[in-house]
Amino acid sequence: MATGEVRRAQAASTKQLFEPRYVEMNQKFQEDVSVLVLDGTIADIGPRDALAARHPDAERIDWHGFALVPGTVNAHNHSFQSLLRGIAADEPFFVWRDEALYKYTPCLDADAVYAGALFAFSEMLLHGVTTVADFFYVHDNGTENDEAVIQAASDLGIRFVMARTMYDWDGAPTAYRERVEDAVRRTRHLAVKYQGSDGVTIHPAPHSPHAASPEMIQAGHRLAKELGTPFHIHVAEEMFEVNEILRDYGVRPVHYLDSLGVLDDSTLAIHLVWLEDDEIQLLGSRRASLAYCPSSNMFLADGITKIPELLRAGVNIGLGTDGACSNNRISVFEEMRMTSLLQKVRTLDATIIRAADTYRMGTSAGGEILRLPIGKIEAGYRADFVAIDLNDLSLHPSSKDLLLSHVVYAMQPTAIRRVVVGGKTVVQDGQLQQVWNGEVRQRVTAVQEKFARMAADER
Ligand SMILES: [Zn+2]
């Protein structure tokens, strides 16, 4: 475990002038525009020469071969699942769940949880994710594991939202399960502890209609209201949940949540694959949000969420990778591409969704659904940037008018050259800046060896 303090605010006052070739603003690339950053927040955007003349005391950051785009927002992940990547791939959902998640969870102590989070968040940063919401549920009846995940995020410098899971279905491993009052107390404790922190936010996250009791879901919703945050919940990812809720409550999942009184603008649903039209309309009329995870839905053969219909109904949609053992990549640029391709082939309509739509989902809409000032290059937003290399072949033929389409459909990870969070450079040319890349590999290998010993003991 690393022992460093989680940073609560930037230590010294800083003034930086980022000077790229292009800046993406309102989905258009502007040339010869600079971005002024004061103490980690975008303070001004304007013509390069004028801004440099106005702020002679700013540190000038030469990004002349790069385009500056917002860091992407990963609205749904389970960091520990990176340690299980490849296990039970190509298996049905329940085999995958039992052979990967449930089998290895008992080996996950705070050190392993830290290793998993460091691993997941490192890979995300290297692929241009600057904020991640980690839906974390291996609490082991306490908050030590939660703190290990928060520490990993802080050590790397990624902006972090813990969707602290509230789980009480007794079919799951004991490490996931809590009594309602314990889940509320611990989630509230963490939320209060990190209130006012620059890089860490805590949201309640009752797991799902099938793995959280009605009391747990209502407690999560109440706590979200108390804290002024959204609450995250998986909804209708698989048909089995729809069938279970129909069997036990006589209604489908969205109507079930409505009957509990929790369906409103604080509802941040994950997946929403198996919905009927009236559920889509109800979600829209209540201003609920969705964290959409297309690769994971394909990997696990869940089904296809009706994204254009949800957008039309008024549901705000961000993107998530889900865990790295159900994707198995964890890049939001990848999810932009997947969202678009999957909806085009579902509807047999190439015009149904455009690069600009999925780009927005992976950036500013992600910020909106997490209620953070991120995902946009605009004064007042946090200085979370990605520098993409205009010389990368995947961004050619080169043209500022084609660049947005290239970023969504063509860009390879080789183009991601700098990643900045809150004005601080956390990735440079493939190297993490606050942690040594090799340390991440070493920690993953150590956990892998532990898994192998456990498997040998079983034989
Ligand atoms: Zn999930």
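Where is the place of P397? P397 is located in the loop that connects β14 (385-389) with α15 (403-409). The peptide bond between H396 and P397 is cis, with omega about 0°. The structure is a predicted model, in which local features need pLDDT of at least 70, side-chain atom pairs count only at pLDDT 80 or more, and totals for chains, interfaces and linings use all residues. Residues are numbered from 1 along each chain as its sequence is written. Helices (H or I, at least four residues) and strands (E, at least two) are DSSP runs, numbered from the N terminus.

N328 belongs to the loop between β13 (316-319) and α12 (332-347). Most residues other than glycine have a negative phi, and most peptide bonds are trans.

Positive phi values are found at D39 and H271. For D39, which is not a glycine, phi is near 50°. This residue lies in the loop between β3 (33-38) and β4 (41-47). H271, also not a glycine, has a phi of about 80°, and its place is in strand β11 (residues 267-271). A residue is called buried if 20 or more other C-beta atoms lie within 10 Å of its own, exposed if 12 or fewer do, and partly exposed in between, with C-beta atoms placed from the backbone. D39 is partly exposed, because 16 other C-beta atoms lie within 10 Å. H271 has 27 other C-beta atoms within 10 Å and is therefore buried.

Strand β7 (residues 129-136) has eight of its eight residues buried, so the strand is largely enclosed by the rest of the structure. Two strands are taken to pair if DSSP finds at least two bridges between them. Strand β6 (residues 72-77) pairs with β7 in the parallel sense over four bridges, and T72 has V129 in β7 as its bridge partner. The pairing of β7 with strand β8 (residues 159-166) is also parallel and runs over six bridges. Here F135 stands opposite A163 of β8. Together with helix α4 (residues 144-156), β7 and β8 form a right-handed β-α-β unit. A crossover is right-handed if, with the strands pointing away from the viewer, the path from the first strand over the helix to the second runs clockwise.

An unreviewed UniProt entry carries the annotation "domain: Amidohydrolase-related" for residues 68-426. UniProt positions are given in the numbering used here, feature names are shortened, and annotations may be inferred rather than shown by experiment. Over residues 68-426, the chain is 41% helix and 18% strand. The end C-alpha atoms of residues 68-426 are 15 Å apart.
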